[in-house]
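User: I would like to go through the labels used for this model and see what each one rests on. Please set the values against the cut-offs.

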Amino acid sequence: MSIKLADYEKGPDFKGDFDATLEALQKRIEKIQVAHIIHKKRSVVMLEGWDAAGKGGIIKRATALLDPRYYKVWPISAPTEEERGHHFLWRFWARLPANQHIAIFDRSWYGRVLVERVEGFCSGKEWKRAYDEINEFEAQQVDNGNTIVKLFVHITQKEQDKQLAQRLDDPFKRWKTGAEDYRNRSKREDYLDALHDMFKRTDTRWAPWYVIDGNDRKSARIAALTVIADELEKHVPMDMPDVDPAVVALAREAFGYEPKS
């Protein structure tokens, strides 16, 4: 069944103890990261969404308890002059995670079939060809042992306008908005067409899309972290190794350590 963004506009209030639910999810994701380290796994978490949809807030909360040595957040903006001289996927290959690491992309290679398509930064031939290139790129990563989790954070025009106004009103958030947000806003229908084509062509068995209803911030954050935890946990063993007897012996000698029964 095709993804339709109109199905993700209810913005239900979060019911329950938000802080407790968030903390539990953050601790769960922390353990999932440890499992990546122990079992030498690697994963990509990728977020797309409307301007001011809350991607940054989701990333901030998903990474709150993570060991910074083993994850990297990649904020993706317009390609540099050097990057434009290569195939559009070139700059993403260099950002893929090594074993034990999780890479989080704030926007991604889907810019080719979204902003580059809508704004005319590439030819029709290029963005039409990109669907197959992206699917093959993601299939290669999955076949090579990489997990890919793809989220799209959806908000209505009304909610986006509310968030943009709040950014303008807050001196410490104004840096997060600019003319580009309003250029994109003026072409919402074009972006909706591009998004529905994107879902239709790239919602694959090996790298499916998950749409997050972002119209209520709390509900969106819990939903997004739940998807991230569920999907990552499917692909990494959660069993931990037994303690090393040699290290136990050293601890016993050093400070009289005895294992708990």
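Analyst: This is a predicted model.

User: Why is Arg 112 called buried?

Analyst: Buried means under 20% relative accessible area. Arg 112 has 12%, so the residue counts as buried. Arg 112 sits in the loop between S3 and helix H5 (115–118).

User: Which residues is Arg 112 in contact with, leaving aside neighbours within four places in sequence?

Analyst: The partners of Arg 112 are Phe 88, Arg 117, Cys 122, Glu 126, Trp 127 and Ala 130. Contact here requires heavy atoms within 4.5 Å.

User: Why does Arg 201 count as partly exposed?

Analyst: The class lies between the buried limit of 20% and the exposed limit of 50%. Arg 201 has 38% relative accessibility and therefore counts as partly exposed. This residue belongs to helix H9 (residues 188–202).

User: What does Arg 201 touch, not counting residues up to four places away in sequence?

Analyst: Arg 201 touches Lys 128, Tyr 131, Asp 132 and Asn 135. For Tyr 131, which is 70 residues apart from Arg 201 along the chain, the C-alpha separation is 6.4 Å.

User: Is Lys 40 buried or exposed, and how do you know?

Analyst: Exposed means over 50% relative accessible area. Lys 40 has 51%, so Lys 40 counts as exposed. Its place is the loop between helix H1 (18–39) and strand S1 (42–49).

User: Why is Gln 100 called partly exposed?

Analyst: Buried requires a value under 20%. Gln 100 has a relative accessible area of 21%, and therefore is partly exposed. Gln 100 also has a positive phi, near 80°, although it is a residue other than glycine. The loop that holds Gln 100 runs between helix H4 (90–93) and strand S3 (102–106).

User: Which residues of helix H2 are buried, and what do they pack against?

Analyst: In H2 (residues 55–62) the buried residues are Lys 55, Gly 57, Ile 58, Ile 59 and Ala 62. They pack against H1, S1, strand S2 (71–75), S3, S4 and helix H10 (217–234).

User: How many helices and strands does the protein have, and what makes a run count as one?

Analyst: The protein has 11 helices and five strands. A helix needs at least four residues and a strand at least two, both as DSSP runs.

User: What share of the protein is buried, and what share of its contacts joins residues 24 or more positions apart?

Analyst: Buried residues make up 46% of the 261 residues. Among contacts with a separation of 6 or more, 81% join residues 24 or more positions apart.

User: What are the span and the accessible surface of the protein?

Analyst: The C-alpha trace spans about 70 × 40 × 40 Å along its principal axes. The accessible surface is about 14500 Å², and carbon and sulfur atoms hold 52% of that area.

Key: Residues are numbered from 1 along each chain as its sequence is written. This is a predicted model: local features need pLDDT of at least 70, side-chain atom pairs count only at pLDDT 80 or more; totals for chains, interfaces and linings use all residues. Side-chain values use heavy atoms; hydrogens and water are left out. Buried means under 20% relative accessible area, exposed over 50%, partly exposed in between (1.4 Å probe, protein chains only). Accessible areas come from the Shrake-Rupley method with a 1.4 Å probe; for residues, only the protein chains shown count as cover.
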